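Q: Could we go through the charged side chains of this model together? I would like to begin with the pairs and then turn to their surroundings.

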Amino acid sequence: MVVAMREKPLKLLWLEALMRRLLKDDVEFHYYQEQYRRLDAGFAGEQKVDRVWHELIYPNTFFVLHNVCLVNTAQHLHQIDTLFICPQFMLVIEIKNIHGRLEFDQHTHQCTRTKVDGTVEGFPNALTQTERHIRFLKDVFASCSLPVEGAVIIANPSTIIVNPTNNLPIFHVSGLHKYLQSLFKKHPKKIMTDNHLSQFVQGLLAKRTIPQIHTTIAPSRFRHGVLCPKCSYQNNMYFHRGIWKCPFCHYRSIEIFAETMLDYRLLVSHCITNQQLRAFFKINSNDAATRLLRKYQFPYTGTYKDRVYHLPENLLEHMKKFY
């Protein structure tokens with residue numbers, strides 16, 4: 001059994017950083033706030049379903065991969081919430097954490113949600129999304145003959161599911177084990193050995209891509225500085241003798257520098273200069289900024305005066321080594 005750890009998607013990390021810093025009177029504040037709310041709720045729903053995998057009793061090797069991002073021949077993204085792979089079959093799972101009454105129209109392929117107050121909203125059809133992923137995987141891995149199944153799982157137990165289609169199952173998370181049992185009965189024959197399966201999964205992981213954030217926000221629209229987490233990111237901290245201090249609640253931290261550097265990488269750029277560090281972090285001393293950049297041993301290009309530091313993708317893990 002190999003159950004991967006689900007990590008926060010890049011878009012959610014970007015929105016978290018933006019919500020810490022975007023000015024409250026910004027014309028798009030509520031738009032991004034709603035985006036953050038929906039994506040954060042979706043991630044919470046995915047985590048609810050993830051707990052079920054650890055209760056699965058199955059004697060053979062299987063893999064559970066999360067947030068698998070693959071690109072098709074048209075360069076369009078397939079972002080699969082969870083992919084279960086065993087020697088008999090693959091299972092594509094789309095997870096939704098939506099409350100209310102969900103209704104699926106088989107003719108229009110429309111999904112609507114009706115809230116308790118009667119408000120009706122349209123949502124992307126999770127069944128259609130899952131069918132798209134299934135077609136893609138069948139095409140890409142046609143040579144391996146591994147059957148590809150699919151299901152939509154609702155993480156919110158209070159959600160009422162109306163008019164599900166006959167083509168693809170949609171059920172609450174409590175039904176996952178029973179559905180897997182039905183698939184094991186449907187596909188009793190092993191298509192792959194455990195060794196072959198491991199090689200297959202490694203090949204699939206090698207095809208993964210990292211989705212990029214295409215939206216950019218002008219730095220003038222959000223707050224700069226190291227923001228105090230104990231003050232709900234409302235107040236700026238100042239740098240003194242290697243430590244960041246809050247003048248309001250007196251919170252002190254060295255690690256908060258890494259969180260702010262991640263905000264910079266997500267919202268501004270993957271590269272930073274001494275001047276840019278001083279401007280974004282509100283540091284007056286050129287020498288102090290230089291010492292900080294040298295302390296964390298970021299790779300760089302250029303000579304001393306025009307040196308550009310490159311912030312690695314695993315920024316937080318990289319910086320932890322130097323605390």
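Predicted model: local features only at pLDDT ≥ 70, side-chain atom pairs only at ≥ 80, totals over all residues.

Q: How many salt bridges does a search of the whole structure find?
A: The search finds 13 salt bridges.

Q: Which residue does arginine 38 meet in a salt bridge?
A: Its partner is glutamate 34, with an N to O distance of 3.1 Å.

Q: And where do arginine 38 and glutamate 34 sit?
A: Both belong to helix α2 (residues 29-53). Because they are four residues apart there, about one helical turn separates them.

Q: Is arginine 38 buried, exposed or in between?
A: Arginine 38 is partly exposed, at 38% relative accessibility. Glutamate 34 is also partly exposed, at 31%.

Q: Arginine 113: buried or exposed?
A: Arginine 113 is buried, because its relative accessible area of 5% falls under the 20% cut-off.

Q: Changing topic, what does glutamate 149 form a salt bridge with?
A: Glutamate 149 bonds in this way with lysine 186, the closest N and O atoms lying 2.9 Å apart. This pair links distant parts of the chain, 37 residues apart: glutamate 149 is in strand β8 (residues 148-154) and lysine 186 in helix α4 (residues 176-186).

Q: Which of those two is buried, and which is exposed?
A: Glutamate 149 is buried, with a relative accessible area of 12%, whereas lysine 186 is exposed, at 52%.

Conventions:
Residues numbered from 1 in each chain as written. Heavy atoms only, no water. Salt bridge = Lys/Arg side-chain N within 4 Å of Asp/Glu carboxyl O. Helix = DSSP H or I, 4+ residues; strand = E, 2+ residues; numbered from the N terminus. Buried < 20%, exposed > 50% of the residue type's maximum accessible area, 1.4 Å probe, protein only.
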